[in-house]
Amino acid sequence: MATNSGRGNPIGAEEGPSKVGEGAPPPLSNETKNAVAAGQATDPVHAGGQDSTMAAAEAKPKTAKELERERKKAEKNAKFAEKQKAKAAAAAQPAQAAAKPKKEKAPKPVEEPLPEYVEDTPVGEKKRLKSLDDPQFKAYNPIAVESAWYEWWEKEGFFKPEFKPDGKVKDEGSFVIVIPPPNVTGALHMGHALGNSLQDVMIRWNRMHGKTTLWLPGCDHAGIATQSVVEKRLKKTENKSRHDLGRKDFIDLVWKWKDEYHTKINRAQRKMGGSTDWSREAFTMDENLSAAVSETFVKLHEEGIIYRANRLVNWSTELTTALSNLEVINKELPGRTLIEVPGYKSKIEFGIIVHFKYPIEGSEETIEVATTRPETLLGDTGIAVHPDDARYKHLVGKNAVHPFIPGRLMPIVADTYVDKEFGTGAVKITPAHDPNDFALGQRHNLKFINILTDNGLMNENAGPYQGQKRFDVRYSIQEDLKAKGLYVDKKDNPMSVPICERSGDVIEPLLKPQWWMRMKELAEPAIQVVRDGRIKIKPETAERSYYRWMENINDWCLSRQLWWGHQCPVYFAQVEGETGDESDGKMWFSGRTEEEARAKAEKALPGKKFTLKRDEDVLDTWFSSGLWPFSTLGWPKKTPDLANLYPTSVLETGWDILFFWIARMIMLGLKMVGDVPFKEVYCHSLVRDSEGRKMSKSLGNVIDPLDVIRGIPLEALNQQLLLGNLKDSEVEKAKKYQKTAFPDGIPQCGADALRFCMVNYTTGGGDINFDIKVMHSYRKFCNKIYQATKFVLGKLESGYVPPASGKPTGKESLAEQWILHKMNQAVKQVNEAIPNREFSVSTNIIYTYWYNQLCDVFIENSKALIQEGAEEEKRSAVNTLYTALDNALKLIHPFMPFLTEELWQRLPRRTGDETRSIMIAKYPVYDPELDNPAAEAAYELVLGSSKGIRSLMAEYALKDEAKVYVQTYDETAHKTAVEQVQSIKSLSGKGVTSIEILSGSDSRPAGCVAYPVSSAATVFLHVKGRVDIDGEIDKATKKLQKTRAAIQKAEKLLNDPAYQQKADAALQENDRKRLGDLESEAKGFEGTIKQFEGLKLE
């Protein structure tokens, strides 16, 4: 009968029988990832091959279902053991009952930790390979494995693009990625690790396919972010502001910061194995990139696309600069809410609406208005009502009197913008501090009065409130309204509050003369190239978002009131004897140099004397970033790189900067170079913490990839929090999370496990919830690869030279034909998945081939061929092992560069192969000659049969003298079973004394229990006289009931018209096969019950 043993049982699996040896990587879903991370099993390849940091042998991850099966097996064995114990006790003699208990086994000695690894290879030279018997290399040790290789790769120039002798790209084509430049504000995080892993997989895969490849590295100066962090550090360490230093000295300080952190970022990129061409590294404030910025600004200013205007901007009083809409977070409030604002000791009240009255000039009458920002009434210059509102018609054309600003009269105007049904139907107008009021002010020619200084204090236009903080006035002005009898009420009011993403400051709409870019005319062609397919944006959700934003695009405010960044290349002409108006765009002249600007000014102002003053503002960081794909290749110069490598191939980045960056690169690339900047955009998901929260330093959940690679104790994680600019309260909050998420710190995982895990996370779906336990399970996978390769190397005789090619000879055993077929299928599928950006799928395929097929099946099963086979069989098995392993290492190299180089360099080369590095080896490609579905089916039968035999023997605790039958139900299966009976026997274990092959016409063997292998075969184990018959009948009956229920469910599904219409043919065929297998199982159970009933009568 079929069983539910720990070795796996198709009866207990709801999904039905699966092909032997197939599987997937440790699943990353929330339901199973904990089971994956906790899974423990002995490595079958190398008994002594535990991980170098583990005291016990490394385990392969198990699924939740496998763990449940093992639990049920343990319960079953315990019950059976109790019955056997009871029988033995009844028959035992009194003297035997006094037998001494067995001695407990002594615990295994704890291994001593390895000393710190010391690399003796001179920097840049090819790594000196140490013996695999060296303590550092006996087991997988990522520190030792990953040492020295990167420096050699870089020195040898493997990262540089290879061109033909004429300087053109190779015939295979080109593949170019410009890295999304990380900000020079600090360390990299897991979002960078994700992007870098995906990009390097694409680059290495294309390089191994023979293309001219370039992955161009660099960093972004990150204007606001960098200046903000340096200012905070300056305040914290020296209690000084940037103004205390002056612009020049402060900029020098920022350059020192940039140099320090730029070096740290590059070091991390190298540690992660990124194959970027460092000889082409760029920085957004390099000389050529700065020239590109000036060229773009001047050209677009000359065309009128960049213009000067006095408009409302998003103003941060904390950073004292304007921000774009994309840098502002709109925080939704349900009602009254207290919010922490920088510069205030107490939280500030938001989510309220205050009603108050304005007196009408020359009468005792008042008009009631309301505001969510009481302090802004100091900037009011008018009141609007609806022209059809009968309540206020008599007031239109009259003035309200400002209660706090002597002499200020506010015209009452009629405008259809006003909703007469909302509130009192009267709206106060603050044109200089509200976007809606700005338009009203323009239509009715009202005064625009700014009441704020740049740092958030009330200015001279605020009358008696001058010098006070804006939110202090929020409270005091309400008290003053009460004192004048003008206060009416305060109520809860759901609202949106604009927050500065960088500083947490509440944004103020402020009237400022700035440089703006007209976007509509740039957006139209940028939309069209995506619609035409010249640029593909993946996934589709990102493409839809792109259209939505571009079709509703607003003009871009370019000016930033910072010191760090590209100073605007434009000059104001101050004419002698005239009052200059810096908001007047006609008096500004752009130039790549001051001389060019002066020439323009002289032409526009003939006969006038003037002086030029350069705009002190800098440009938005995203302006220079928008030029990144072509400025890094040499533009505006006409360089060979620009001619050969532009447009680039793919832009891989996070979807959250789709509008900040991607859209602007497309617009500026089309405008400035005349072509798209890249042909494809792939937007990866955001990496969140294990609780699904966005990563933030203040939460303590930002993870440095270097900490994952080398490991870090909890105490050191806590200490890192003290190095930044966090408040004491934020540090304590962050420590609390770290203690929960990383109670033992972060375990050492290595770069290869980090990369493979991050790629596997990338399904193209929702955001990623990062879990360090899942990451660490992939280090165990690395250990599996390491031990498997050690085993194969141990089977290669000294001086072994592999055949000149991996083509089949026709003399391969069935097992060899099977693994070569599986290898070929994996190669085909990976080569389809990567260009389709099915990254998670590619890792699943590779994991399945390495773990389930190569290691757990072929390497294990090849031992018998090598140890017991004839000389020719041994040689063939070793050659196939070499081919399967060589291609396996190449297949996974783009994902795990360090481990694969370390192991591949230890393999002998085929005759004539002088490839220096696996990096530049040819990637495996599909070979029709290796396709062998017949061998696949045949060997699956062998494996399934041996698995069934082992399962039944384990179920019934039979360790020897096992008599087995294999009954087949079709001619092909019968032929395979007869020919492979010895293979089945050797794979089933030493306890099997005989195996008899039966045809479908033979009667069921008596005294046996069954294990249905598939619809083509069933395994029977003779158990008469060795089991509890009544107990087995009861178990078989329960399983029969369960199988019948599964059959009914499958039949219902297959007969459902909706299913027949929607499900594809392949799925329906699989489901029909599953039904056939279930029916076969049911027959097996029925036969088992009948057989056991017959045994009872004997």
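Colleague: What volume does the second largest cavity have, and how do I read that?

Modeller: Rolling a probe the size of a water molecule over the atoms shows where empty space is left. A cavity is a set of points, on a 1 Å grid over the protein atoms alone, where a 1.4 Å probe fits but cannot get out; its volume is the space filled by probe spheres set on points joined across faces, edges and corners. Here the volume is about 40 Å³. This is a predicted model, where local features need pLDDT of at least 70, side-chain atom pairs count only at 80 or more, and totals for chains, interfaces and linings use all residues. Residues are numbered from 1 along each chain as its sequence is written, and side-chain values use heavy atoms, leaving out hydrogens and water.

Colleague: Which residues line the second largest cavity?

Modeller: Lining residues have an atom within 4 Å of a point. Here they are Ala193, Asn196, Ser197, Trp215, Gln269, Met272, Gly274 and Arg755. By class, that's three nonpolar, four polar and one charged. Helix α6 (residues 190-208) gives the most, with three residues.

Colleague: How many cavities of 30 Å³ or more are there?

Modeller: The whole structure has two. The largest also comes out at about 40 Å³, and its lining includes Gly700, Asp704, Asp707, Gln738 and Phe742. That lining divides into five nonpolar, three polar and two charged residues.

Colleague: What share of the protein's residues is buried?

Modeller: Buried means under 20% relative accessible area, with a 1.4 Å probe and protein chains only. Of the 1098 residues, 54% count as buried.

How values were computed:
Buried < 20%, exposed > 50% of the residue type's maximum accessible area, 1.4 Å probe, protein only. 1 Å grid on protein atoms, 1.4 Å probe; cavity = no way out; pocket = protein on both sides within 12 Å on 5 of 7 lines; lining within 4 Å. Nonpolar A, V, L, I, M, F, W, Y, C, P; charged D, E, K, R; others polar. Helix = DSSP H or I, 4+ residues; strand = E, 2+ residues; numbered from the N terminus.
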